[in-house]
Amino acid sequence: MGGETAAQALQQTCSPNAMKVSSIVVLGAGSAGLMTALTLKRKLPELAIRVVRSPDIGVIGVGEGTTAVFPRHFFEYLKMKPRDFYLEAQPTWKMGIRFLWGPRKEFLYTFSFEFERRLPQLSRNNGFYYTDEFPWLGHASAFMAQDKVFPRRPDGLPQFHNNHAFHIENRTFVGWLENRCRENGVVVTDATVSAEPGSEGIAALRTETGERIAGDLFVDASGFRSELLGRALQEPFRSYGDSLFSDRAVIGGWPRTNEPIMPYTLAETMEAGWCWRIDHEHFINRGYVFSSRFLSDDAARDEFLRKNPKVVTETRLIKFRSGRFERSWVGNVVAVGNAAGFVEPLEATALQVICVEASTLADALLDSQRQPTPTLVKLYNRYNGDQWDDIRNFLSIHYRFNKRLDTPFWRACQAEVALHGAQDIVDWYRENGPSVLAGVALVHPSNSFRMDGYLALLVGQNVPHERPYHPSATERDFWRRHCLKLAEEAQQGMSSEEALQAIRSPNLSWA
């Protein structure tokens, strides 16, 4: 092919305009494959969907955090029953992320967009009133600071809201997904397969027994292997290595004893990266994300165990690369999840990305009446590529400005991390402070972090700017009373343990 990649040659010969999608084959039965299969079947029930679960495709299988996109996808977009999810997936709630990060003692990141709000009694938006004394700006962060999840109703049950995400354990979550897939008519097949090339990209998957599994569209959910998009079609890969230096994770944990269930993910600065803590009902999951350029695997494991002496499980090492393929939809192959790209788990965006990929694929097929055109495919690739790049840009802020530790890794981050699309936001902040005036212009409406998320990180890491605001005595007094009232309300809230007990109460209505 004269030096062309398979993807380049396919781009010239393939005609998606002629494609009529009636059947879809999903390679991979982890969270990415099953989430996509379930999404497509719920939105387009006329499709024949078959998931191929191959023993060659491993599952990372760690405790996972999510973002607020996750519950909206399942309970609003797909109309799934929360009761089944709570019963089978056994999640705990995540109000946000508690960062031991930067020069402050800590800062809190929520899904409630608290920095951009303005109280009628004050002249500026909330971000200008942030202090170390009160590291909360609204109800969500106040509840996090008090280790509470929901307000308490007069009848003793939780007052649920949608400004939260979940912590879920991979095994129970995948079990819930598979049950819902089968209920909705998705066929799950166990087989070791190889790809058979075709004029549109992939003609079929062939099993070891010789069976030929054909479809109109193939979803590559094969994880880091990227069997179809990366290996078979040789789509070029775009590295994020100039922004995200980490490429390893050491993982371990321990059964919960008397520790309270933290209603947030903990992100703690380490010598050459950071350590997470994810609380499940019966298990605490810990992991150290680090850069092999600055720390050996053995040294990282030793630092991880010193930080977490309770770890009793055998530690595991996971290697990864941060980046994405140039396109995720090529010919009749659409890659989702790690098969399309990966960014380190600092903001727990892995499942969020799958939700976006799956929903945009379903919407594309719905809008085109299952006949996707070349321009639709091009738009899909641009939209989802932008989603990956937005996450890369957002994560770069975490690394560029974290001055908590003075180590070779963090000095390199401060000097070398490329901000890409976040540079304009940082420039605005440095001149104007935590103002949201330019948020719409600087942050695309599809960006799930919004301007508020960037401000939370910049203010939280105490990044200096040229417009410090000095409130009047009246405003300072009002803000103090406001924060104390928030804390008092939060102290009356429900802990995770109480909320878990409440959702199992026969008095709880799931309407």
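This is a predicted model: local features need pLDDT of at least 70, side-chain atom pairs count only at pLDDT 80 or more; totals for chains, interfaces and linings use all residues.
I started with R238 and E326, whose side chains meet in a salt bridge at 2.8 Å, N to O. By salt bridge I mean a side-chain nitrogen of Lys or Arg within 4 Å of a carboxyl oxygen of Asp or Glu. R238 sits in strand 13 (residues 237-239) and E326 in the loop between strand 19 (323-325) and strand 20 (329-330), so I noted a pair linking distant parts of the chain, 88 residues apart. Helices (H or I, at least four residues) and strands (E, at least two) are DSSP runs, numbered from the N terminus.

Residues are numbered from 1 along each chain as its sequence is written, and side-chain values use heavy atoms, with hydrogens and water left out.

Next I checked accessibility (buried is under 20% relative accessible area, exposed over 50%, partly exposed in between; 1.4 Å probe, protein chains only). R238 is partly exposed at 31%, and E326 is partly exposed at 32%.

Then I looked up E281, which forms a salt bridge with R504, closest N and O atoms 2.8 Å apart. E281 lies in the loop between strand 16 (273-279) and strand 17 (283-290) and R504 in the segment after helix 16 (496-503), so this pair ties together parts 223 residues apart in sequence. E281 counts as buried, at 18%.

I also found R180 bridging to E88 at 3.1 Å between the closest N and O atoms. R180 is buried at 5%, whereas E88 is partly exposed at 24%.

Searching the whole structure, I got 33 salt bridges.
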